[in-house]
Each structure stands twice: as structure tokens, then as C-alpha cells.
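Colleague: I am new to this model and would like to learn how to read it. Please take me through the features in turn.

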Amino acid sequence: MLWSLQSRENIFQRALYGSAFLVVAILILFFLTLLFKSFSAVWSNGWGFFTGVVWDPLAGVYGAFPLLLGTLLTSALSLLLSLPFALSIALFLGEFFRKGLFSAALRSSIELLAGIPSVVYGFWALFILVPLIRRLEILLGVVPLGVGVLAAVLVLAIMIIPYAAALSAEVIKLVPQDIREAAYSLGATRYEVIRRVIMPYARSGFFAGILLALGRALGETMAVTMVIGNATKMPSSLFDTGNTMASLIANELAEATDPLYVASLTQVGLLLFGVSALISLAGKYIVRKYSVEI
Amino acid sequence: MAILSIQNLCVSFQENMAVKNVSMDITEKKVTAIMGPSGCGKTTVLRSINRLHELSAHARVAGRVILRGEDLYALDAMLVRRRIGMVFQRPNPFPTMSIYDNVAAGYLLNGLRLDRRELDALVESSLRAAALWDEVKDSLRKRGTFLSGGQQQRLCIARALALRPEIMLLDEPTSALDPKAAASIEELIVRLKDSVTILLVTHNIAQASRVSDFTAFMYLGELVEFGLSAKMFTAPGDKRTEEYLTGKFG
Ligand SMILES: Nc1ncnc2c1ncn2[C@@H]1O[C@H](COP(=O)(O)OP(=O)(O)OP(=O)(O)O)[C@@H](O)[C@H]1O
Ligand SMILES: [Mg+2]
């Protein structure tokens, strides 16, 4: 009896080790295949891949800097734009109205928004957002393209809000009730409690939420492809067209026939992989540094 | 003349009436202990004195609480809480703040401006009053959560004292502590009553008899008996009090 319990325990443990190992193996293999497939491009593009601003497959010139810039720019701007909204919703759900009809309605709306496939967002942006931007561009006297970096930033921001808000609301709820009460018992107002007790406590959690949102923005493909204009060049302004790494790969992989072209696209994939990994590692470090020890 | 007068206090949570028609007068600069079995409404009474119940939507408070002749519920809740400090059952220093900031929290939180020297002096005197200064004076910049449980509780006492409250509400301040830490808090309570009125909730009969001048005994939400501790512990007037004191229930 004892022996069989022991062996069951062993099997369980081995299964755990096995699946953990599998995940690590997949990650490494994934990285290696990307590296292997893009090797010829890494070799022939050299540093020009990172610094070049011209992406011209016909001429065999592959400079990915505009893509890197496009990805970082759209992600960062959309994040910045969504933060105030996400934080307000999070405070609303996590602190002010934890229960009740309105809170439940808001919560379900957020879950629904988070669940909408990105192609639908892209569709909506194309039909609603792009014409609005075009009208704005006419007003401002710039070329009325409609599509472009601004459209991509706006649709990304809208897509990000539910993620960042839902996670931050959970983080706010995790703030122990007894330290809230301690603050109130000292005569603090609600605003003061939020600002000086809840926010500092939840800081690292917010950061984790932001990071998740950023990861989503970096990799978002469909909605961005539909509205950014897909022009691999340095955007001259927010109203100009541009491109991102994910969007470029989605658009061009099907038509790429030249081996160096395919390899260069894979290299873009590798770069995207690297950027995401870097941001998530940096984020982990910051979360650890600012989390509250209890 | 009583500093605090509780008159016909009733508190209910939805259907559940937790405190039923409690009246008592609290004498200034004395220790008043509230005893009674678990769930009899002791914490609820304390929390209606500093109006902490207003944080939960389903608590209903009826009756009056008079602080120095003024109806507490007609004043601003934030100002009332600054005049009436509270120490909770479990030590709850702010985990994101240093020891120094924890003591100064009442000022930092409320945005009350004090210059550096005043604040330094205030932090020192509050920590001294809470008998914690000697232990932490070299680590004021460290997080408060690094302290031991007993030190954390004294830090919370210092935090409450820093606002110079007229009344301190202590809700079983020693129940989460070991006997030695508990003894040092008891000593502290006795010392503090020279300057502040103390309301002490406790399960510990011996503790109540050691530190209190007056004792209230509550049972099932009602105030069964209230009077001088010396009398209550030697000749209780009510049969239920006597049974509680002799350990028949609770
Ligand atoms: N926030 C609340 N919501 C609902 N019911 C509550 C709340 N706080 C207290 N009660 C109820 O009020 C009654 C009295 O609780 P209270 O905490 O005052 O007891 P207590 O005497 O302090 O007990 P203990 O010695 O265990 O701390 C209990 O029946 C409890 O369930
Ligand atoms: Mg209690």
C-alpha cells in the first residue's frame, strides 16, 4: 500500500517534470528553427538589417529599422493612450463598485471586448475609425489617407484597454482590507487611500498588467495590418502610413519566393521574438524589484 | 464628565442585529475594557465609535455617540477619525512605507504639512510613547513589515498616537502576540492612560483586570454589565458575567 502510494507520487512528479521540460524544449527549438531558417539572411543582410531604412525585396535590400520603429511606436503610443482609461476602469471595478448591477455590466463588457477576435476590431476600424481620421486629416490639411499609424495606434489602444483594466482591477482587489482600514482609521479620504496606500501596494501588479498589454500590442497582427497602410518606410508623421514587424510578415510571406526574401522575413520574426522576450524579461525584473514583501 | 457617551447604540448588518441598544459613558483618561465571548459585538461597538462602519454599505447604525458634547455622527467622519485612533487585532503597518513613514502616515496621508524638524520630533515622541524608539531608532528607513509581530503592533500604536488622539480604540491588540510582547503592550496601555482615554477590547479576563479601570461585559450584542473593574471582577452583579468570569462559557 505504502509502496503504491510512493510510486503514484513518483509518476505524478515525473509527469510534472516532463511537461515542464517540454515547454523549455519547445522554446529552445522554436528559437533554433527561427535562427536556422534565417541564417542566410543574417549572413547576407549584416548590420544593415537593423539600421537600414529601405525594405525592397525586388532589389534584394532588407532594412528592418522602419518595422522595428513601427512596432515600438504603435505599441508604446497605444499603451500610453489606453493607460488612463484602463486605470480608471480598474479603480472603478476594484475599489469603488465591487458589486452591483453596473459593476457586473462593466465587467462583462470588458470580458466581451477582450474576447472579440482582432479581425473584427480591424474591420470596425476600417469602417468607422478610418473615415473619421480622414475627416480629421482634411480638416488639418494633410493628405487624407485615413489609414496609417494613427489608425493603428487607436485600434490597438482600444484592444488593449480590457486587458490592462481587468488585470489591474484584480490587483487592486488584492490590496489587503486591513491596510485600507488602517488608512481610513487615520482620517484619510478615499482619494488619499487610493493614492498613498492602494497605488503603491498595487504598483508592481499594474506593471504586470501593462506588460501583458504591451506584449499583446507588440504581436498584434490582423487589426494593425488592416489599417496601418502597409508601407515599409519611415513614417513622416502620425498620419503617414507605416508597417510593423508582425503585419509585414503576415502580408508578405505568402508572396515571398526568393529564398533570401523568406529568410529575411524569418529574421524579422526572430527580431520580434527578441524584442518581446527582452521586454518581458525587463518587466519581470521591474515587477520583482517593486513588489511588496510581506 | 464623560468624554464619550454612547447612547442606545444599535448596529445591524442586513438582518443580523450585532449590537442591541448599548449605552455607556466613557471616563476621560481611564482604561475601559470591553469583554465578552466571540461574536458578541465588541469590535462592532468600537467601529461605530470611529465610524469605520461607513466603509461597508450594509451596516446600519442607530443611536447616538457623543464626543465632548458633540454628536459624533454630525461631524465630518475624517475629522472624527483623526481625533479617535484605532489599533487593530492584527498588526497592520503599511507594507510599502518605512518605519518613519508609518508613524508619520496620519500626516502624509492627510496631506497635513509639517516641516522636517517637527515631523522628526513627532515621530520620535510617538515611537517613545509606544516604547519602540530604542529598538528602531537606527532603522527608521527600513520597511515596517521587517519588525516582529509585537514591534509591528507597537508601531501601529505609535502611528495612531502620532495624530495626538483624544481616544484610542484598541481591538484585542495582544491577541496575535506572544505573552512577552503582550505584557509589554499591557504596560504601555497603563502608561498611556495619563494622556489619552483608552477603550480596550479583550478576550483576556486577566488582562482586563490588570489594566482597566472600568469594564463592560457584553453578551449576544447586549451590554450586560458596566462599572468599575474592581467591583466587577470581585462581585459581578449579573449571573452571566459571573459565569463568563469563572469560565463557564466564552
Ligand atoms: N462587516 C460585517 N458584515 C456582516 N456582519 C458582520 C460584520 N462585522 C461583524 N458582523 C457580525 O456582527 C456580529 C458581531 O461581530 P463582532 O466582530 O463585533 O464580534 P466580536 O465581539 O468583536 O467578536 P470577536 O471577539 O470574535 O472579535 C457577528 O455576528 C458578526 O457576524
Ligand atoms: Mg472582534
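Modeller: We start with strands. Two strands pair if DSSP finds at least two bridges between them. Helices (H or I, at least four residues) and strands (E, at least two) are DSSP runs, numbered from the N terminus. Here, S5(B) stands opposite I66(B), which lies in β4(B).

Colleague: What should I know about the model itself?

Modeller: The model is predicted: local features need pLDDT of at least 70, side-chain atom pairs count only at pLDDT 80 or more, and totals for chains, interfaces and linings use all residues. Residues are numbered from 1 along each chain as its sequence is written, chains are lettered from A and ligands numbered from 1 in the order in which they are written, and side-chain values use heavy atoms, with hydrogens and water left out.

Colleague: How many bridges join β1(B) to β4(B)?

Modeller: Strands of a sheet pair through backbone hydrogen bonds, either parallel or antiparallel. In this case β1(B) and β4(B) run antiparallel, joined by eight bridges.

Colleague: In what order do the four strands of that open sheet of chain B stand?

Modeller: The order is β2-β1-β4-β5, with antiparallel pairing. At the edges are β2 (16–27) and β5 (70–71) of chain B; each has a single partner strand, so one side of each is left without a neighbour in the sheet.

Colleague: Which residue is the bridge partner of I66(B) in β5(B)?

Modeller: That partner is D71(B). Strand β4 (residues 59–67) of chain B and β5(B) run antiparallel and share two bridges. Their hairpin has two residues between the strands, and R68(B) takes a positive phi near 45 degrees there.

Colleague: Which helix lies across β1, β2 and β4 of chain B?

Modeller: Angles first. Axes are lines fitted to C-alpha atoms, for helices over the stretch in contact, and angles run from 0 to 180 degrees between N-to-C directions. Contact means heavy atoms within 4.5 Å. The helix is α1 (residues 42–49) of chain B, running at about 120 degrees to β1(B).

Colleague: What is the order of the six-strand open sheet in chain B?

Modeller: Read it as β6-β7-β8-β3-β9-β10, with mixed pairing. The edge strands, pairing on one side only, are β6 (84–87) and β10 (222–228) of chain B. From one strand to the next, the twist averages 15 degrees. Helix α7 (residues 149–161) of chain B packs on this sheet and touches β6 and β7 (167–171); its direction makes about 170 degrees with that of β6(B).

Colleague: Do β3 and β8 of chain B run parallel or antiparallel?

Modeller: They run parallel, with four bridges between β3 (residues 31–35) and β8 (residues 197–201). T32(B) stands opposite L199(B) in β8(B).

Colleague: Now chain A. What is its secondary structure?

Modeller: Chain A has twelve helices and two strands. Its C-alpha atoms fill a box of roughly 70 × 70 × 30 Å along the principal axes.

Colleague: What area is buried between chain A and chain B?

Modeller: Buried area is the accessible area (1.4 Å probe) that two parts lose on being put together, summed over both. Between these chains it is about 2000 Å², and carbon and sulfur atoms give 62% of that. On the side of chain A, E181(A), S185(A) and L186(A) lose the most area to chain B, together 31% of what that side buries. The contact involves 18 residues of chain A and 28 residues of chain B.

Colleague: How many salt bridges cross the interface of chain A and chain B?

Modeller: A salt bridge is a side-chain nitrogen of Lys or Arg within 4 Å of a carboxyl oxygen of Asp or Glu. Two cross this interface. R47(B) and E181(A) meet in a salt bridge at 2.9 Å, N to O. On the side of chain A that touches chain B, α8 (177–185) and α9 (190–219) of chain A each give two or more residues. The most come from α8(A), with seven.

Colleague: How many salt bridges are found over all chains?

Modeller: The whole structure has 19. In one of them, E95(A) pairs with R190(A), their closest N and O atoms 4.0 Å apart. E95(A) lies in helix α4 (residues 65–96) and R190(A) in helix α9 of chain A, so the pair ties together parts that are 95 residues apart in sequence.
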